[in-house]
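Below is a short note for your files.

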Amino acid sequence: MIYLWIDANVVLRFLTGNPPEMAARALELMARAEKGEVCLRLHHLVIAEIVWVLSSFYKFTKREIANTLVSFIHADGIQVDNSDLVVQALQDMAEKNIDFVDAYLAALAKQHEESVCSFDSDFEKLNVSLVKPPGYPQEK
């Protein structure tokens, strides 16, 4: 089996179809993965980049991004590091209208039964223990 770490630009060409010549090559690679000829590995940092590009450049909604990426992550031939955490973060991002990175950090902290330290009150939406930095008001 050939394992390839896939970059955001390949996934983005596949998902958006733009530009067409690159999208066709990405589609060919995905077909090879689906057939079991290659395994495409995807890191959560690359997923964060994909989320950012889809939202900022392509103007996808958080719900569209979550639905698209969860389907992609579950496709044959795709292997995602920490896939359960990534899927949870994508769902939380869409359902709670928060950033993917915050949702991922909260899911990771919960998995380890630890807290998140942040000034960002979005973590309160994620049912994770939140600790504000020293000297910052702790009450909501």
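1. The side chains of E37 and R32 form a salt bridge, with N to O at 3.0 Å. The coordinates come from a predicted model, so the distances quoted here are computed values. E37 is partly exposed, because its relative accessibility of 38% falls between the 20% and 50% cut-offs. R32 is also partly exposed, at a relative accessible area of 32%.

2. How many salt bridges does the structure hold? There are three, and the E37 and R32 pair is one of them. The others are taken up in the next two points.

3. D81 and R41 are joined through their side chains in a salt bridge, again listed at 3.0 Å from N to O. D81 sits in the loop between β3 (78-80) and α5 (83-96), while R41 belongs to strand β2 (residues 38-42), so this pair ties together parts that are 40 residues apart in sequence. D81 counts as partly exposed at 22% relative accessibility. For R41 the relative accessible area is 22%, which likewise makes this residue partly exposed. Both values should be read against the cut-off, because buried means under 20%.

4. D122 forms a salt bridge with K125, and the closest N and O atoms of this pair are 3.4 Å apart. The pair still qualifies because the limit is 4 Å. Are the two partners buried or partly exposed? D122 counts as buried, at 18% relative accessibility. K125 counts as partly exposed, at 41%.

5. Turning to the helix packing, helix α1 (residues 8-16) and helix α3 (residues 44-56) have axes that come within 9 Å and cross at roughly 45°. That angle makes α1 oblique to α3. The crossing of α1 past α3 is right-handed.

6. Which residues make this helix contact? On the α1 side they are A8, V11, L12, L15 and T16. On the α3 side they are V46, E49, I50, V53 and L54. By class, the residues of the contact of α1 with α3 divide into eight nonpolar, one polar and one charged.

Definitions and conventions
Residues are numbered from 1 along each chain as its sequence is written. This is a predicted model: local features need pLDDT of at least 70, side-chain atom pairs count only at pLDDT 80 or more; totals for chains, interfaces and linings use all residues. Side-chain values use heavy atoms; hydrogens and water are left out. Buried means under 20% relative accessible area, exposed over 50%, partly exposed in between (1.4 Å probe, protein chains only). Helices (H or I, at least four residues) and strands (E, at least two) are DSSP runs, numbered from the N terminus. Axes are lines fitted to C-alpha atoms, for helices over the stretch in contact, and angles run from 0 to 180 degrees between N-to-C directions. Angles under 35 degrees count as roughly parallel, over 145 as roughly antiparallel, 65 to 115 as roughly perpendicular and the rest as oblique. A crossing is left-handed if the near helix is turned anticlockwise from the far one by less than a right angle, and right-handed if clockwise. Contact means heavy atoms within 4.5 Å. Ala, Val, Leu, Ile, Met, Phe, Trp, Tyr, Cys and Pro count as nonpolar, Asp, Glu, Lys and Arg as charged, and the others, Gly among them, as polar.
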